[in-house]
Amino acid sequence: MALTIKEKILSIGIAIIFVLFVGYGIEAFYPNPHWDEFCVDSIPYRELLTQEDCESSGGEWQPNPGIKRLPDEPDGWCNIYSKCEKEFQSYREGYNRNVFLVAVPVGLLTLVIAIFLTLESVSAGLMGGGVLTIIYGTIRYWSQLAKFGRFVTLGTVLAVLIWLGYKKFSPKKK
């Protein structure tokens with residue numbers, strides 16, 4: 001049965017709002033870490049023009065590639081935020097893992113629930129929202145996910161989608 005234009009718009013709306021609902025729901029109960037929470041307030045500003053001053057202040061000296069433009073220009077710069085950036089990155093990787101561990105199962109569960117709904121426009125919208133939620137969660141953690149984890153995640157989702165396709169769209173036997 002083909003959906004009308006109104007039903008298609010409703011389905012697309014449900015799909016988009018569902019993934020936003022899940023994403024903002026995660027943010028409401030488990031806020032996303034921000035760089036300035038780790039770095040800005042913890043380090044007072046001070047001009048560090050030598051490698052020794054930089055490293056004694058806990059920074060990481062970054063050599064200046066190329067030619068000096070001015071005679072008194074330092075031969076590098078101080079990344080005073082290197083330590084807190086590493087802490088932030090580590091925390092953010094854990095956060096992204098947790099978002100992945102929430103979003104992917106919620107997306108899969110939504111797909112399974114949607115398959116049993118009889119109103120096609122709502123079912124299609126929730127299926128689209130479930131797929132988008134799985135994509136959202138996977139993208140958040142993709143760069144940290146091991147190759148085997150990527151393979152298992154994609155294989156699991158693909159198997160569920162194929163199963164749902166057969167369950168929902170197979171011709172009905174009389």
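Guide: Let us begin with a definition: a residue is buried under 20% relative accessible area, exposed over 50%, and partly exposed in between. Please note also that this is a predicted model.

Visitor: Why is phenylalanine 38 called partly exposed?

Guide: Its relative accessible area is 22%. Because this value lies between the limits of 20% and 50%, phenylalanine 38 counts as partly exposed.

Visitor: Is phenylalanine 88 buried or exposed, and why?

Guide: Phenylalanine 88 has a relative accessible area of 8%. This is under 20%, and therefore the residue is buried.

Visitor: What makes the pair of phenylalanine 38 and phenylalanine 88 edge-to-face?

Guide: A pair of aromatic rings is described by the distance of the centres and the angle of the planes. Here the centres lie 5.5 Å apart, and the planes are at 65°. The structure holds five aromatic pairs.

Visitor: Why does serine 82 count as buried?

Guide: Serine 82 has 7% relative accessibility, which is under the 20% limit, so the term buried applies. This residue is in helix α4. Apart from neighbours within four places in sequence, serine 82 is in contact with Gly58, Gly59 and Glu60.

Visitor: What makes tyrosine 30 partly exposed?

Guide: The relative accessible area of tyrosine 30 is 28%. That value falls between 20% and 50%, and therefore tyrosine 30 is partly exposed. The residue sits in the loop between α1 (5-29) and α2 (35-38). Beyond neighbours within four places in sequence, the contacts of tyrosine 30 are Gly94, Tyr95 and Asn98.

Visitor: Which residues touch the most other members of the largest nonpolar core?

Guide: Of its 19 residues, they are Ile26, Phe100, Leu108, Leu111, Met127 and Ile134. Two or more residues come from each of α1, α4 (82-115), α5 (120-141) and α6 (147-169). The greatest contribution is that of α4, with nine residues. As for isoleucine 26, its contacts, leaving aside neighbours within four places in sequence, are Pro31, Tyr95, Val99, Val102 and Ala103. A second, separate core has five residues, among them Leu48, Trp61, Cys78 and Ile80.

Methods: Residues numbered from 1 in each chain as written. Predicted model: local features only at pLDDT ≥ 70, side-chain atom pairs only at ≥ 80, totals over all residues. Heavy atoms only, no water. Helix = DSSP H or I, 4+ residues; strand = E, 2+ residues; numbered from the N terminus. Buried < 20%, exposed > 50% of the residue type's maximum accessible area, 1.4 Å probe, protein only. Contact = heavy atoms within 4.5 Å. Core = buried A, V, L, I, M, F, W, Y, C linked by side-chain atoms within 4.5 Å. Phe/Tyr/Trp six-rings, centres within 6.5 Å; stacked < 30°, edge-to-face > 60°.
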